[in-house]
Amino acid sequence: MKKWIAFFLLVILCVINYVKNDTPDQDPYLITDYSRLHPVKVTSVVKGHEEEQLRGILQEAQEKGLTTSIAGQRHSQGGHTYYKDSVVIDMTSFNRVLAFDPKQKWIRIQAGATWKDVQNYVNPYGLAVKTMQSQNIFTLGGSLSVNAHGRDIRNGSLIKSVEAFRLLLADGRIMNVSRNENVELFDLVIGGYGLFGVILDVTLSLTENEMYKLRFDTMDVDSYSHYFEEQVKANPEIRLHIARISVAPDHFLKDMYAINYLKDYSTPLEGNDRLKVREDGVLISKLMFNLNRTFSWGKNLFWKLQKPVFARQDGTLITRNNAMRSESLFMENRQAGSNDILQEYFIPVKEFAGFVHDLSTVLQTEKLNLLNLTVRYVNHDEEALLSYATDDMFALVCLFDVPLSKEGQGQVQSGIQNVLDHVIKHKGSYYLPYIAYPRLDQFRSAYPRYETFFRKKEQYDPNHVFMNYFYSDYKGE
């Protein structure tokens, strides 16, 4: 009898699990990206290995009337790496180092390599990356396609450290692209979201791997801009910087802390430059972040506990390469029917406090579940045609927990569009790797050179060989 009861309970549990997970974002026969929104069926996913093979993939797709999309780690969230019925070219196997000059501080490496691959290769030579995202899991091709930025406050967005790259066009030609050769493509492809061709390899300028001493500071939102200008940007010894704003209800978008990375001249790099290879305390951090995701009191507790954790790091030493490979596993969310998604807003330094006050009002009115808000600095840089840094900007990286249902997404989109109205009011812009919640008029206000971008897309790829949801959403057709 007990066996039958156990069997019956097991069947019930299986049925509950099936019903709970019977959602499109959990369908193993559909492809999606990190957002798990808009899962679709694609024709095939093909691993890239050799240049002639890639040419063949493009030619065969065109002969069959198919489009192609280019994928790396698929961490973008707006359908940039796939399209319905397309051929998805997975570039993650295209990852070899092709050339390296440690004296001149540059490396040429295939576009499917990750930043971790670069760091592992150059670290023994006392070298490091100039600019990359906070995590090192992304591919170089993907990072170029979004013109990434990070914690470095001296070297600008990624485009500044790119010397050259090679690009496979839709017609099979391979172009050498740099600031001296095929210059127009340089500005289009970096931050061009995979719409002009397949980036084959990249030549990057590197910098010294340095020892840094961490400095922990606290402030409020109203004083942050002045603090940054006077104590951070004005101090040339500070190389990296990141700040965090409280999302706890008791201090919602008011309190802040910052971590600065100051060059340390007293500690030798040699003997202290071993790369960190694992994340510590993932289980307890994941538990705390789940409380932060689920309960208001959890947000208060998470803020109360994390401040002293980071404060205890004040004065500790870390290398540049280890500082630029931060932890992320504790934030991963695999729950069916909901997900944590990013939105990022670029706000001029002088507009920061005013915007954050407006953001606080909007988020509480719209009841958006904000889990985390970090702040980085991005130098003014309009070299890329779709540039987000139209001034010296603070990048506010917002992590939201959202439902994936159609009704829930409609409410989230309305709330995000409300936020974006205030972004534009404060002369800001937003980051395009994420879900296309904005209205077309908001996109066009934030990216006034959009017409030139799309016109050049038609010129270089008139048959739309390269296609993704970013193009279909923002082209407005």
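Mentor: The model is a predicted one. A search of the whole structure finds three cavities of 30 Å³ or more. The largest cavity holds about 50 Å³ of space. Its lining consists of 13 residues, and those nearest the centre are V247, F302, W303, Q306 and L371. Two or more lining residues come from each of β11 (238–245), α8 (296–311) and β15 (369–378). Helix α8 gives the largest share, four residues. By class, seven residues of this lining are nonpolar, four are polar and two are charged.

The second largest cavity has a volume of about 40 Å³. It is lined by M132, Q133, S134, G150, R151, D152, L240, A323 and M324. Four of these lining residues are nonpolar, three polar and two charged.

Strands β11 and β15, which contribute to the lining of the largest cavity, belong to an open sheet of eight strands with antiparallel pairing, ordered β13-β10-β12-β11-β15-β16-β14-β17. At the edges stand β13 (317–319) and β17 (429–430); each has a single partner strand, so one side of each lacks a neighbour in the sheet. Helix α6 (residues 221–233) lies across β10 (211–220), β11, β12 (255–263), β15 and β16 (393–403), and runs at about 150 degrees to β10.

Terms used:
Residues numbered from 1 in each chain as written. Predicted model: local features only at pLDDT ≥ 70, side-chain atom pairs only at ≥ 80, totals over all residues. Heavy atoms only, no water. 1 Å grid on protein atoms, 1.4 Å probe; cavity = no way out; pocket = protein on both sides within 12 Å on 5 of 7 lines; lining within 4 Å. Points joined across faces, edges and corners; volume = space filled by probe spheres on them. Nonpolar A, V, L, I, M, F, W, Y, C, P; charged D, E, K, R; others polar. Pairing = 2+ DSSP bridges. Contact = heavy atoms within 4.5 Å. Axes fitted to C-alpha atoms, helices over the stretch in contact; angles between N-to-C directions.
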